[in-house]
Amino acid sequence: MPNYADITGWGKCLPPAVLSNDDLAGIIDTSDEWIRSRSGIRERRVSHVPGSDLAAVAALRALAAADTDPAEVDLLILATTSGDNIIPATGAYVQRKTGTANAAVFDLNAGCSGFLYGLQVATAMIRAAGYRKALVIGAERLTWLLNFSLRDTAVLFGDGAGAVVLEPSDEECGLLACHLGCEGEALEALEVLNSGTAGNRFVENYGIFDVNFDGREIFRRAVKGMAGEVRKVLEDLKLRNEDIDVIIPHQANARIIESLAHHLGVPMSQVAMNIEHYGNTSAATIPVALCELLEQGRVKPGDRLLLAAFGAGLTRGAGLIRWGRRVTPLRHSDAELPPCERT
């Protein structure tokens with residue numbers, strides 16, 4: 001069995017419709033200054049298609065980057081909290097839309113930590129169970145769940161998807177160490193009420209969701225939780241902060257990212273941050289940021305990338321990736337979303 005799982009392909013998909021802070025100020029009692037000062041967000045994307053479409057385009061772009069035929073994929077893991085339906089798994093829709101007919105498929109819901117959870121699961125399945133070509137996707141259509149009369153949550157979230165292809169390797173690369181956790185006793189801090197079988201569908205306005213969101217509690221637990229997991233990963237690998245080339249944190253709030261960097265004693269120049277343009281896309285934030293770093297030439301062969309995440313549950317995690325040899329796509333995909341004809 002191989003010792004490692006190399007990341008050989010990557011791709012992202014952001015819907016074209018942009019919802020700015022000024023746009024939101026025309027809907028609810030808020031302003032650009034109020035939103036930016038609290039979150040660092042200036043705008044976000046709103047999808048005109050199901051989340052599976054976003055996931056499929058990101059996946060096809062990742063497969064092209066790896067020069068991999070969809071029929072070769074034998075594992076597809078979709079990290080999402082906003083699936084197309086409860087039944088079947090949204091990954092099944094993605095399989096049909098990507099032609100990955102030979103893949104084992106399942107969804108993974110670990111909130112905003114979902115991509116990191118999926119990366120560890122896929123790595124373990126390649127190393128222990130003989131899978132050869134794995135797709136790990138983080139995709140969300142969170143704007144579908146939002147109640148836009150609730151200012152505290154309506155301004156935070158956006159839609160998008162990112163994906164990577166993993167393949168077995170005997171070279172030291174890919175996810176070298178990972179530590180995951182969850183604080184279920186505090187799950188009410190981030191909860192979409194009446195969205196599943198524990199809810200009551202015989203209520204007025206069923207289908208309009210209210211989001212429980214305790215910003216202070218999330219902030220406190222996020223910084224502490226991610227910093228703790230980062231330290232465990234570095235200890236496992238006997239590395240220090242200065243050994244890390246880039247930190248890719250979950251993009252939930254600029255102040256959380258800055259506090260994490262301060263907590264770890266690293267400069268912001270070492271930290272990836274794109275929340276200004278996309279808001280919080282949950283499981284998609286880390287793979288989208290990774291794709292952008294590669295596009296910008298900020299990832300080099302052999303670089304150490306530190307991932308850190310937290311999310312609903314309250315899940316948390318950190319992982320260390322040693323980047324492989326290739327930093328440019330082998331091919332480019334012509335996969336695109338259908339045209340957006342909505343405002």
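M125 is found in helix 5 (residues 114-129), where helices (H or I, at least four residues) and strands (E, at least two) are DSSP runs numbered from the N terminus. Leaving out residues up to four places away in sequence, M125 touches L75, F106, G130 and Y131; contact here means heavy atoms within 4.5 Å. The model is predicted, with local features needing pLDDT of at least 70 and side-chain atom pairs counting only at pLDDT 80 or more, while totals for chains, interfaces and linings use all residues. Residues are numbered from 1 along each chain as its sequence is written, and side-chain values use heavy atoms, with hydrogens and water left out.

V164 has its place in strand 7 (residues 159-169). At 0% relative accessibility, V164 counts as buried; buried means under 20% relative accessible area, exposed over 50%, and partly exposed in between (1.4 Å probe, protein chains only). Neighbours within four places in sequence aside, V164 is in contact with I7, G9, W10, A62, F115, L119, A134, L135, V136 and L290. From V164 to V299 the C-alpha distance is 15 Å, and the two are 135 residues apart in sequence. L175 lies in strand 8 (residues 174-182) and is buried, at 8% relative accessibility. Residues up to four places away not being counted, L175 touches A5, L119, Q120, T123, G319, L320 and I321. L175 and S113 are 15 Å apart, C-alpha to C-alpha, and 62 residues apart in sequence.

The structure holds 1 aromatic pair. The ring centres of W10 and W323 are 5.7 Å apart and the ring planes lie at 65°, so the pair is edge-to-face. For this assignment, rings of Phe, Tyr and Trp (its six-membered ring) pair if their centres lie within 6.5 Å; planes under 30 degrees apart count as stacked, over 60 as edge-to-face and the rest as tilted. The pair links distant parts of the chain, with W10 in strand 1 (residues 4-13) and W323 in the segment after strand 13 (315-322), 313 residues apart. Both W10 and W323 are buried. A further ring, that of W34, has the charged end of R151 sitting over it, 4.0 Å from the ring centre; the criterion is NZ of Lys or CZ of Arg within 6 Å of the ring centre and within 35 degrees of the ring normal.

In helix 4 (residues 90-98), the buried residues are T90, G91, Y93, V94 and T98. Seen down the axis of helix 4, these buried residues fall within an arc of 155°, so they line one face of the helix; the arc is that of the directions from the helix axis to the C-beta atoms. An α-helix has 3.6 residues a turn, so residues three or four places apart point the same way. The buried residues of helix 4 pack against helix 3 (51-65), strand 4 (75-79), strand 5 (104-108) and strand 6 (134-141). G99 follows helix 4 and has a positive phi, near 75°.

Backbone features were also found in loops. A cis peptide bond with omega of about 0° joins I87 and P88, and P88 is placed in the loop between strand 4 and helix 4. Another cis peptide bond joins G313 and L314, with omega of about -5°; L314 lies in the loop between strand 12 (304-311) and strand 13. D67, although not a glycine, has a positive phi of about 50°. D67 is in the loop between helix 3 and strand 4 and counts as partly exposed, at 43% relative accessibility. K238, also a residue other than glycine, has a positive phi near 55°. K238 is found in the loop between helix 7 (215-237) and strand 11 (246-249), and is exposed, with a relative accessible area of 74%.

The largest pocket has a volume of about 1100 Å³. A pocket is an open set of points on a 1 Å grid over the protein atoms alone, where a 1.4 Å probe fits, with protein on both sides within 12 Å along at least five of seven lines; lining residues have an atom within 4 Å of a point. Grid points are joined across faces, edges and corners, and the volume is the space filled by probe spheres set on the points. The largest pocket is lined by 36 residues, of which T81, S82, N109, L145 and S195 lie nearest its centre. Strand 5 and strand 9 (190-192) are the elements that give two or more residues to this lining, and strand 9 gives the most, with 3 residues.
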